[in-house]
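I opened this model to look up its domains, its sheets and its nonpolar cores. My notes follow in the order I worked.

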Amino acid sequence: MMGTDLTAIGHLDADCFYVSAERVRDPFLRDKPVGVLGNQGACVIAKSYEMKAAGVKTGEPIWEALVKCPDGVYVKRDFRWYEVLSRRMIEVVRELSPRVEYYSIDEFFFVAVPVRRGGTLQETAEAMRAAVWERVGVPVTVGIARSRTLAKLISDSAKPFGARAVLDPEAEARLLAERPVTEITGIAGRRERRLLPWGIRTCLDLARADRRLVRSLLTCSGEALWWELNGTPATPIRPQRPLHKALSRGGSFGEATADPVVLYAWLVRNLERLIEELHYHETLAGRLSVWVGYKDGRFGLGQTRLVVPTDRFDLLLEAARPCLRRAWIRGASAQRMHLIAEELHRRDPRPASLFEPPEADQRAEAVAQVKRQINQRIGRFALRSAATLPLASIYADRANGYDICDVRGKICF
Ligand SMILES: [Mg+2]
């Protein structure tokens, strides 16, 4: 056995994550066929192994799923909850690894190290699976190998609730020989067809092929995969989570309106929700768009770039107001609105010491912080702008305190 300085790359992937996340907060769902439904409640976007066994496929409409699996329990997805669990999982992984990369909401790559002096990486894989299961309640599969591409192939082959470290080249070759090239992320369709005339069908065929041939067939990204399959990491583990491209808040009004005061109230409500989102992700908006959809099918759009990226209510409202004016069609009945923050910047956790903000800015920052603290303690919209008063009935309905229609870090399903 090799010594304690043994390191490799790990891949952790939650098993049917959305379903597992629902089971964390509702044990009733355990061992039952469960389907998670998308935004409109029409399509199954995730399913449990029990539901998969009944033949239900991802993306299938609920009416077809109900025929195949009438005893299934169908729940609506809640990305906010999935994000909460995703963050708990990555915290656990960080305790067992010196370097962790957020790859997607339920997948992380990490530098794998022994959990104790002289320990094996197989132990590491098992310890990580156990720690996430015990502390978060989500079943995961862990693969450890010489590169990230190999680690992912191993965890895919060990699902569900697997833990497997494969570092011995012979065991690695056996595994690669069993798997078709299409199981490698990034190889499908046209790339698969390019490899076929050269007899490259399995992952092992690709690993054993001439490197220059692979480069000529699949360009340099294919060559990187070749190196990875042969155990040489071509992509480093990046510990900083990439920023979202955009964050947005909004939706349907329920009741259409042509009243500019009500429209303005919606602008403010959606802005306050968007700011919550910016805070959650510790980002600042560099660009803001206001989109309004009208009953007659028309729409209006106003966009602006912020002079300085910000998450502050007063500055964003100042920017949003002229956007709404541009998006507004006089006399037309508006039905929905979306506010979109783009060109996101990371919020620097350190206070700016070089350029002390002027007094007015300090005051505004302090007000924003008090608002945040009060709402954290008393309730989500306990303290909000008076401009939202025309929407009294929306705030009176407590169901609107939950963002059922909001999507965090995902494109709408
Ligand atoms: Mg997964």
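The model is predicted.

Entry 1, pairing around β10. I began with β10, residues 283–294. Its pairing with β12 (residues 334–342) is antiparallel and runs over eight bridges. In that pair I found Ser-289 opposite Ile-340. I then checked β11 (residues 299–310), which also pairs with β10 in the antiparallel sense, over eight bridges. There Ala-285 has Thr-310 as its bridge partner. β10 and β11 make a hairpin with four residues between them. I noted a positive phi of about 95° at Gly-297 in the turn. β13 (residues 345–346) is antiparallel to β10 as well, with two bridges. Thr-283 faces Arg-346 of β13.

Entry 2, domains. I took the bounds from the domain assignment: domain 1 is 1–166, domain 2 is 168–241 and domain 3 is 246–401. Between the C-alpha centres of domain 1 and domain 3 I read 35 Å.

I traced an open sheet with the order β5-β6-β1-β7-β8 and mixed pairing. Its edge strands are β5 (100–104) and β8 (163–165), each pairing on one side only. From one strand to the next the twist averages 15°. I looked at one pair in detail: β1 (residues 8–14) and β6 (residues 107–112) run antiparallel and are joined by six bridges. Within it, Ile-9 is bridged to Val-111.

Which residues have the most contacts inside the largest nonpolar core? I listed Met-89, Val-93, Ile-144 and Leu-206, in a core of 63 residues. This core takes at least three residues from each of domain 1 and domain 2. I then listed the contacts of Leu-206, leaving aside neighbours within four places in sequence: Val-181, Leu-195, Ile-200, Val-214, Trp-226 and Leu-229. A second, separate core has 27 residues, including Ala-285, Ala-320, Cys-323 and Ala-327.

Technical notes
Residues are numbered from 1 along each chain as its sequence is written. This is a predicted model: local features need pLDDT of at least 70, side-chain atom pairs count only at pLDDT 80 or more; totals for chains, interfaces and linings use all residues. Domain bounds come from an automatic or database domain assignment. Two strands pair if DSSP finds at least two bridges between them. A nonpolar core is a set of buried Ala, Val, Leu, Ile, Met, Phe, Trp, Tyr and Cys residues joined through C-beta atoms within 7 Å. A residue is buried if 20 or more other C-beta atoms lie within 10 Å of its own, exposed if 12 or fewer, and partly exposed in between; C-beta atoms are placed from the backbone. Two residues are in contact if their C-beta atoms, placed from the backbone, lie within 7 Å. Axes are lines fitted to C-alpha atoms, for helices over the stretch in contact, and angles run from 0 to 180 degrees between N-to-C directions.
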